[in-house]
Amino acid sequence: MKKFWEEIKRRKVFQFAAIYAVAAWVIVQISVAVFPALLLPDWAVRLVVIIAVLGFPLVLILAWAHETSPVGTAAKAGTSEVQPLPDCPSLAVLPFSNISSDPEQEHLADSLTEDLITDLSKHAKLDVIARNSTFTYKGRAVDVRQVGQDLGVHLVLEGSLRKARDMVRFTAQLIDARTGHHLWADRQDINIADELAAQDSICRSITDNIVSVLFKESGQLGAPAPKDSTPAMPFLINTSPYKTKYTQVDGLNIAYNERGAGPHNFVFVPGMISHLELMDNMPTVASIPSLLSSLGHVVTFDKRGQGMSDPIKGAPDLDERMNDVRAVMDAVGLDKAILVGSSEGAPMSLLFAATYPERVQGLILIGGCARWAAADDYSIGISTEDIGRSLSQWGTGALRNVFNPEVPEEAISTDAMAALERLIATPASLEAQIKLIQTVDVRHILPMVQVPTLVMHMRKDNAVPRRLAKYMADHIPGAEYYEMPGMGHMSFPGKPEHLEKIRQFCAAVEDHARETESILATVLAVRGHADEIKQIAQKFAPNNICETEDGATVLTFDGPSRAVRCAQALAKEHPSEDLCPSLHTGLVEINGSQAKGQAVLQALDNMAFATRGQPLMTPELYELVKLSSLQISPFEGGPSDRSFFVVKP
């Protein structure tokens with residue numbers, strides 16, 4: 001019944017009925033006044049009234065059968081002749097719907113529809129229906145299969161916009177008009193402070209995805225309209241003036257290069273977009289190292305599994321990635337440096353700074369965050385589905401509109417971006433990257449960072465919303481948050497004021513003196529034969545080994561994974577003894593042969609809950625090693641107010 005009344009409303013039946021009633025009333029009134037003066041009989045007036053009453057249901061029937069549209073009166077859907085399908089794939093873009101409470105967004109929906117029709121029409125082998133034909137369906141609930149028959153198209157694109165504050169969520173669906181099945185669908189949120197830029201970004205994203213899907217699904221489309229295919233080529237030739245060098249760590253070759261000279265030493269930790277010999281061909285992408293080189297000596301490297309460094313299987317944990325930074329610093333003879341972590345390089349930079357504060361003069365985090373994915377205690381995060389959906393476009397160049405929306409096509413073409421993405425990461429390594437980004441969480445590390453920190457972020461970063469960067473800055477003691485205008489993520493604006501901010505920060509860290517000797521470390525507490533424990537533990541290179549007054553042995557490690565593997569070895573070597581290894585990560589103060597601090601006390605206290613043969617770890621440590629090959633599971637039977645994990649020996 002609800003749909004029936006909605007259909008009556010859509011077909012404007014009520015409007016026609018009201019117009020007819022008013023017109024009939026006027027005619028009857030004229031008849032009453034005029035007919036007597038013309039000496040017409042009384043029954044003539046009654047005849048007019050009867051005709052007016054009998055005509056009312058006829059008007060309702062005609063109103064139902066015919067409906068109005070922006071281009072005149074159109075026959076009811078289903079009564080038109082079925083149009084033949086063209087030989088090449090054909091598409092109708094239906095007007096996008098504005099489903100927000102803001103009527104002003106109606107023009108955004110209409111202009112987006114027109115832009116999509118225009119851009120898709122440029123494709124050489126795609127037949128796109130004109131605007132005047134598709135806008136007749138505006139505001140109507142339609143069956144796409146009927147639209148396909150009416151307009152003679154294979155495909156229908158429809159979507160909607162919904163505004164909330166300064167954000168707009170748009171959805172789009174590509175539907176097979178012959179079956180009604182979805183071929184592709186997407187949903188994205190975008191800031192519309194700059195409406196034209198937002199509209200261009202949405203339009204590019206939808207167009208790129210549709211063309212990609214049609215290539216894959218139909219196999220009928222050729223390349224887009226003929227054009228020069230060479231713009232990507234200059235980016236694929238190594239013209240970098242900086243020589244690629246290698247250093248070895250954990251049996252892997254890590255690629256790095258050096259540039260610049262000056263009073264400051266920087267180590268740049270890149271995000272997932274990294275390739276030493278190609279990045280300098282895209283100045284906007286390589287802008288951070290280039291900018292830093294005007295201030296001092298910059299060391300840049302490809303993390304294991306990326307770019308020019310050796311490939312790996314699976315996702316490296318943060319512990320292993322710290323080894324890359326340390327190895328590169330050792331290779332170039334840097335005892336201390338300012339660590340610059342960009343995007344996905346920020347979490348590892350945070351961990352390194354907390355673990356090795358004596359080697360980090362300062363920490364600059366650009367476009368990064370402590371955690372991407374949303375959680376029960378982190379509602380500001382991004383859903384893992386949205387992260388995976390965005391990164392699934394890797395290799396198509398579509399991410400150019402996310403990472404570099406403000407960069408002209410001439411500077412970074414979509415083709416060049418697509419080629420660069422494919423060279424940077426294979427599908428397997430990309431899958432590992434997605435897993436890392438969806439699960440990495442170093443929020444508990446933030447209060448333990450003891451070095452001067454500058455958090456720099458673009459105000460409208462499409463990849464990492466500024467709320468995530470602001471959270472990170474708010475939880476690092478003494479950190480400064482510096483926001484820059486713009487929408488880019490990879491491209492860092494080299495404006496004088498931004499360079500001056502970095503210069504001021506570098507000058508400040510030169511005068512900074514460490515106020516504490518505490519470091520981030522993983523503590524292993526275990527009971528048993530102290531001499532045998534020490535002998536086994538030496539194989540895993542602990543930073544410190546000491547004994548407590550009650551007979552427990554405490555070992556500290558700067559590598560979380562090594563601490564866990566040491567606990568595994570101890571449990572395996574003495575399976576019948578009540579060693580009950582306990583592990584925790586936190587701040588530790590090492591004074592000579594003694595290790596002190598809250599982390600040590602926590603590890604000792606947790607031994608009361610540990611069981612024979614199963615090393616026990618806290619959630620803080622679990623977050624750092626969960627991506628490793630260790631077999632970890634939740635601990636059953638612990639206290640109700642605390643959670644633990646156990647690792648299989």
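In strand β14, L365 is the bridge partner of G341. That pairing sits in a predicted model, where local features need pLDDT of at least 70, side-chain atom pairs count only at pLDDT 80 or more, and totals for chains, interfaces and linings use all residues. Residues are numbered from 1 along each chain as its sequence is written, and side-chain values use heavy atoms, with hydrogens and water left out.

**The sheet**

- Strands β13 (residues 337-342) and β14 (residues 360-366) run parallel and are joined by six bridges; two strands pair if DSSP finds at least two bridges between them.
- Both belong to an open sheet of eight strands with mixed pairing, in the order β9-β10-β12-β11-β13-β14-β15-β16.
- At the edges stand β9 (245-249) and β16 (480-484), each with a single partner strand, so one side of each has no neighbour in the sheet.
- From one strand to the next, the twist averages 25 degrees; axes are lines fitted to C-alpha atoms, for helices over the stretch in contact, and angles run from 0 to 180 degrees between N-to-C directions.
- As a reminder, strands of a sheet pair through backbone hydrogen bonds, either parallel or antiparallel.

**Helices across the strands**

- Helix α10 (residues 318-331) lies across β9, β10 (252-259), β11 (264-269), β12 (296-301) and β13, and runs at about 125 degrees to β9.
- Helix α16 (residues 466-475) lies across β14, β15 (453-458) and β16, at about 170 degrees to β15.

**Cores and helix α11**

- The largest nonpolar core has 92 residues, and V267, F301, V325 and L350 have the most contacts inside it. Such a core is a set of buried Ala, Val, Leu, Ile, Met, Phe, Trp, Tyr and Cys residues joined through side-chain atoms within 4.5 Å.
- Helix α11 (residues 346-355) gives the most to this core, with seven residues.
- Ten of the ten residues of α11 are buried, so the helix is largely enclosed by the rest of the structure. Buried means under 20% relative accessible area, exposed over 50%, and partly exposed in between (1.4 Å probe, protein chains only).
- L350 touches L363, L365, V442, I445, L446, V449, M472 and I476, leaving out residues up to four places away in sequence; contact means heavy atoms within 4.5 Å.

**Two residues to look at**

- H275 lies in the loop between β11 and α8 (276-279), and it is buried, with a relative accessible area of 10%.
- Neighbours within four places in sequence aside, H275 is in contact with D302, G307, M308, L423 and I424.
- E106 lies in helix α4 (residues 106-121) and is partly exposed, with a relative accessible area of 29%.
- E106 touches N98 and K138, not counting residues up to four places away in sequence. Between E106 and L161, 55 residues apart in sequence, the C-alpha to C-alpha distance is 8.8 Å.

**The whole protein**

- The secondary structure comes to 21 helices and 24 strands. Helices (H or I, at least four residues) and strands (E, at least two) are DSSP runs, numbered from the N terminus.
- Of the 649 residues, 52% are buried.
- Among contacts with a separation of 6 or more, 72% come from residues 24 or more positions apart.
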